[in-house]
Amino acid sequence: MEFEELGARALDTATTRGAHYADIRFERVRNERIEVRNGIVATLADSASSGYGIRALVDGAWGFAASADLTNEGIDAAAARAVAIARASASIARRPFGAPPERAYVDRFATPVATDPATISLGDRVALLLEAEKLAHASPHIAVARAWIDLWLTDKFFVSSIGSKIEQQIRQSGSGLQAMAVGDGDVQTRTFPGDVGLYQSGGWEIVEAARLRENAARIGEEATALLSAPQCPSGTYDVILGGSQVSLQIHESCGHPAELDRVLGWEANFSGTSFLELDQLDALRYGSPLVTIVIDNTMPHGMATCGYDDEGTRSGTSDIVRDGVLRGYEMSNDTARSIGRESNACVRAQSWEYVPMIRMCNLSLLPGTTPFEHLFDDVRDGVYMESNRSWSIDDRRLNFQFGCEIAWEVKNGKRGRMLKNPTYAGMTPAFWNSCDAIADADSWFAWGTPNCGKGEPMQTGRTTQAAAPARFRNVSVGVGYGD
Amino acid sequence: MTSAERERIAKRALAASTADQTEVIVSASDAALMRFTRGISNQNVAATDRSISVRAIVGGRTGVASTNETSDAAIDAVVARAIALAAFAPSDPMQPTLPSGAPTHGPENAYVDATAQADPFTRAHIADAIVAQAEIADTWGAGYVATSASGVTIANSSGALASFDGTDAQANVKVTADDSSGFAEHYATDVRALDGHEIGRRAVTKARESARPRAVEPGAWTVILEPPAFGELLTYLISHFSAQSYDEGSSFFAGKLGEKFFADGVTIRDDYAHPLAPGMPFDFEAQPKARPTLVERGVVREIVTDSYYAHKLGRANTGHALPAPNAWGPQALNIVVDSGTSSVDDLITQTERGLLVSRFWYIRTVDQKQAIVTGMTRDGTFLIEHGRIVGGVRNLRFNQSIVEALAHAVFASDAHRTGGYGYSLVVPTAKIDGFRFTSTTEF
């Protein structure tokens, strides 16, 4: 690897200047985004970025410096800066908290790819979007139709002063489409697949799996139909959530509160803290016994799937909630050590210029045993909702309110007429304890999120919350409209 | 990277291009941020980067490529990639000629050398002062101190060439006590303006005074929104003033420019030159920025444009382009709300029963056309009774149309810089009647 010599130089400079431990992560990132909007290619962009970030540990405190300068002088300056920053961290620390990782690995990992996107001509990629976007203009009410593709290719090289040397090539792909219908004093939007598109790790096969062309006209028709659909009622109803909405519910109400840095107060001023406090571990009944939520950073197509995290910890699986009880957290080396556990490899950085931190990885709700169509059985008066359009939750992740793009009323076990502007709200533990059915593995799907925000400076993370549709009893519906 | 170096790169890229039209954006930044919490610095980072972004337009077809390598070979390669990409895009008949630019002058104090030169110990000193205030009060603080210097140069084949350098210094803290919390922040271009003792003291005071919070019923309340709360609420309305949103019909006032929506005291401008928040005097097409009055005494007066939407809608180019490629349309990013005449104390004194809100959290749009948003209060929410603050309350969730809120708003005479999510804001404290809270939480 071309970065090997530079990496060794960085570690040598950092340790010579007083670091007890140091690591360096080189990255070469290539992103392509194509977005078609109303027949125009609004975005046809290809960006490339290379650089590195160095972590240095001095007196139990961390410093991080990143640079795009790949010369020897640039490496020396960045390593020295990381050490100086670590010393500044130590100068205000009331206690030491950082320690080097205990295990070193020498290994390689590459995302399995069925079809390299480079084998698909740019003309064909653009043509796919132009065709899908055109089909989404299903009525004169469609003021805006959009279709997009994102392709990411990241090469990483990580070396550390305890002997790790890890090369990884991560490939992630995604695509989607959206139709916005404008009526008299109303705007309604439909997005497909899910609420942001289909995002997974892999190659062009992920874009093909979205089947944009096959679904574009339906999405345009649904956006149009929503303009004249009745308003979702307000009151207490049984609610069935589509798979992508369950995915977001997991993301916001389990994925974020189970980040151990948040529990420890590291995000208090920005992203907030958590109701999943340490004294709740192995005690809190987070959800009904049907609810099991696990981390699996080795799963096929997971956006966070990789061989090693950005601290050099090997990917694996672990429990967050098992049979409804809180059993674990998403952890880094330092935070795990502080509660007597080992890291479960949940540390990521957006790219080379960002410090690695605890990020939600592949954190998923395991499927249940109910066939999807039977979720509607035994619902006398309910609402079925799909595709998120609004999400908000308090800074301890308790009080939430979500809105969806589309819903259907459910009467006596049957799906009925379409409803617009559906919302629902609740308190997290009560909501998950009201879950009395989860659809089976046939409708379980790895829903990826390409743009999860956290941290200061803000970092964007890519994560997967695999989920199946699920049923919840006695939920507050229709909040936000009316009284 | 100096402006001279950026201009050399931009000119090199323009010379290498064979496209009909070419635009080059060269940017560079050096940014550092120290986070602290519970007696440690949990993150302490610095990053230096640069970027060359090339927009090539060939026969109305546009491609954009970027790199962070700066060698001549890398510059030639990124230009070639942009031209190659353009060949695959359909021709856009509305594609205008790129603006030719005009001389501009950056506002005073946009760049402060002391900020650009701030070292890790400068930030640590400020952070330590904030933490000390929290410790004295037997509480704990979590926050950050950040400094940055950035520069951008934009050149195009129409002859435009513009450069700007700016600095930023920010600090904030959330102080947490047994059953309450408080927040304080400070934005400046000069790091020497960040007073850690004062920032810490403000947050401690809020945490102390909101202790033992009581539960209040949701419903329609008179609220007094401090600048961080009001500013964040406002950011969810600003995109409605984009020519794209107006043209496509998703803006709340689409087709109704010139109509009155808000209270008489509401005047909102976009002003890059405000002394509290001096910013870039041109947009990302090198077009000099106008300083439009978006809302004048409650009447919606103006939308913001870039070259594309000025051409499409037959309006003047107000200079509000974002960097290409831009699917979001032109945006106003330097928002200033004119202050009122009453003091903040007077607004409180004149409130029979209401809530004072320090800060909002997780605001999201519920209904685009009606501009209904939901969100939570956090870090210092207080009950006002008979004209005085009587204690803290548990946090509440709101669902509120921002349009309706501004129809019932009056402003205090203060003006504070706040920010977030890419916006720079200078706003006063706002008093709003009939603000709709829909639920409470446990803390």
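This passage describes a helix pair in chain A and a sheet with its neighbouring helix in chain B. The model is predicted, and local features were taken at pLDDT of at least 70, side-chain atom pairs at pLDDT 80 or more, and totals for chains, interfaces and linings from all residues. Residues are numbered from 1 along each chain as its sequence is written, with chains lettered from A and ligands numbered from 1 in the order in which they are written.

In chain A, the axes of helix 3 (residues 122–136) and helix 5 (residues 212–228) come within 7 Å and cross at roughly 25°. Axes are lines fitted to C-alpha atoms, for helices over the stretch in contact, and angles run from 0 to 180 degrees between N-to-C directions. Helices (H or I, at least four residues) and strands (E, at least two) are DSSP runs, numbered from the N terminus. Helix 3 and helix 5 of chain A are therefore roughly parallel (angles under 35 degrees). Residues contributed to the contact (C-beta atoms, placed from the backbone, within 7 Å) include A:Leu128 and A:Leu135 of helix 3 of chain A and A:Ala216 and A:Ile219 of helix 5 of chain A.

In chain B, six strands form an open sheet of mixed pairing in the order 10-9-8-11-20-19, where strands pair if DSSP finds at least two bridges between them. Strand 10 (299–300) and strand 19 (416–420) of chain B are the edges, each pairing on one side only. Strand 8 (residues 268–270) and strand 11 (residues 334–337) of chain B pair in the antiparallel sense over three bridges; B:Arg269 has B:Val336 of strand 11 as its bridge partner. Helix 6 (residues 227–238) of chain B lies across strands 11, 19 and 20 of chain B, at about 125° to strand 20 (423–427).

Technical notes: Parallel < 35°, antiparallel > 145°, perpendicular 65-115°, else oblique. Contact = placed C-beta atoms within 7 Å.
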